[in-house]
Amino acid sequence: MQETLHLSSSTSSSFSLPKPSISPPKALKSTTISFPPHPKPPTPISPQLSSATSLPPPPTTSPNFQLQEKLLFLDSLGIDSFHCLTSHPLIISSSLSDLKSIIDFLYSINLTILDIRRVLHMCPDILTTPLSSILRPAVTFLLREAHVTGDNLPFVLRRRPRLLTKSVEQNLRPTLYFLQSTIGIEDVSKCATLLSCSVETKFIPRLDYFQRIGFSRRDAKVMFRRFPSLFCYSIEENLEPKFDYFVVEMGRELKELTVFPQYFSFSLEKRIKPRHRMCVEKGVCLSLPVMLKSHESRFRDRLDVCCSSSMPGERWRVFEVD
């Protein structure tokens with residue numbers, strides 16, 4: 001095979017090869033490869049056409065937009081809007097102006113923003129409670145009829161915000177009269193949180209329970225008058241197990257509970273049982289207030305004093321009165 005190379009002094013250069021002596025097969029000569037055409041670039045959309053075909057923004061009067069506004073308003077105050085909405089879906093039907101009016105009202109009765117967050121978390125129903133027919137009359141009742149002071153009102157509402165959702169005529173005033181006339185509580189302001197409770201479903205069943213277990217109606221009223229929080233305790237989960245232990249294990253007399261109904265406010269497992277067992281081991285009987293109210297170190301000190309100052313055969317008869 002002969003190969004030639006031609007160089008010229010001109011600006012153009014050529015590189016040539018002789019034709020091959022072997023011809024390719026005919027099949028290869030007729031074979032061609034074709035590629036698909038390149039896709040056409042997208043046609044640019046003019047700004048006028050784009051704005052004409054894009055979706056319009058949601059109208060400000062749509063329900064979704066209004067709900068979003070209400071939730072953003074609550075969130076801006078640090079209020080858990082999701083909790084309020086899931087716990088009380090009626091917020092969907094309220095207006096933003098109504099929500100703002102209620103928040104302003106809560107501020108006007110000396111609730112701080114921290115108070116408002118706590119109150120609405122405990123009772124989101126307040127957000128849909130009518131302002132003129134329920135909220136304002138309830139506050140007026142607490143101040144004028146229940147004699148809750150303005151300084152103490154935030155404390156009462158922090159503990160029992162549901163008071164703001166109760167009707168004066170149907171709920172608050174009948175409960176006030178029951179506590180005053182039937183139970184004999186003179187200063188209801190000290191237990192104003194009870195005013196949101198129902199006389200029929202809360203108070204009467206507990207009075208009946210204490211009569212069933214052996215107290216006279218008079219003694220039962222004395223117990224509730226001395227310790228009104230007794231109305232708040234569950235019969236099945238609190239009163240029954242503690243009373244059974246008092247009678248069966250401790251073997252004590254009912255008149256002690258009449259004098260000290262606060263017994264039911266102490267934990268059965270963490271306070272009543274351990275201290276009673278320690279008294280039994282030492283052979284000492286302490287009064288209920290001394291046994292339960294004292295701090296642990298003071299309780300042990302009194303127990304040691306009783307053991308050292310009493311005759312061995314007389315220890316069980318030591319009975320202190322605080």
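Predicted model: local features only at pLDDT ≥ 70, side-chain atom pairs only at ≥ 80, totals over all residues.
Axes here are lines fitted to C-alpha atoms, for helices over the stretch in contact, and angles run from 0 to 180 degrees between N-to-C directions.

**Exercise 1.** Describe how helix 10 and helix 11 pack: what is the angle, and how far apart are their axes?

*Solution.* 
- Step 1: Locate the pair. Helix 10 covers residues 199-212 and helix 11 covers residues 217-226.
- Step 2: Take the geometry. The two pack at an angle of about 125°, and their axes are 9 Å apart.
- Step 3: Classify the angle. Roughly perpendicular spans 65 to 115 degrees and roughly antiparallel needs over 145, so helix 10 is oblique to helix 11.
- Step 4: Helix 10 passes helix 11 in a right-handed crossing.
- Step 5: List the contact. Helix 10 contributes R206, L207, D208, F210 and Q211, while helix 11 contributes R217, A220, K221, M223 and F224.
- Step 6: Sort by class. This contact of helix 10 with helix 11 has 5 nonpolar, 1 polar and 4 charged residues.

**Exercise 2.** Which class of orientation relates helix 10 and helix 12, and which residues make their contact?

*Solution.* 
- Step 1: Helix 12 runs over residues 235-249; its axis and that of helix 10 come within 12 Å and cross at roughly 20°.
- Step 2: Angles under 35 degrees count as roughly parallel, and helix 10 and helix 12 are therefore roughly parallel to each other.
- Step 3: Their crossing is right-handed.
- Step 4: P205, R206, Y209 and F210 of helix 10 meet I235, L239, E240 and F243 of helix 12.
- Step 5: By class, the contact of helix 10 with helix 12 holds 6 nonpolar, no polar and 2 charged residues.

Notes. Residues numbered from 1 in each chain as written. Heavy atoms only, no water. Helix = DSSP H or I, 4+ residues; strand = E, 2+ residues; numbered from the N terminus. Left-handed = near helix turned anticlockwise from the far one by under 90°. Contact = heavy atoms within 4.5 Å. Nonpolar A, V, L, I, M, F, W, Y, C, P; charged D, E, K, R; others polar.
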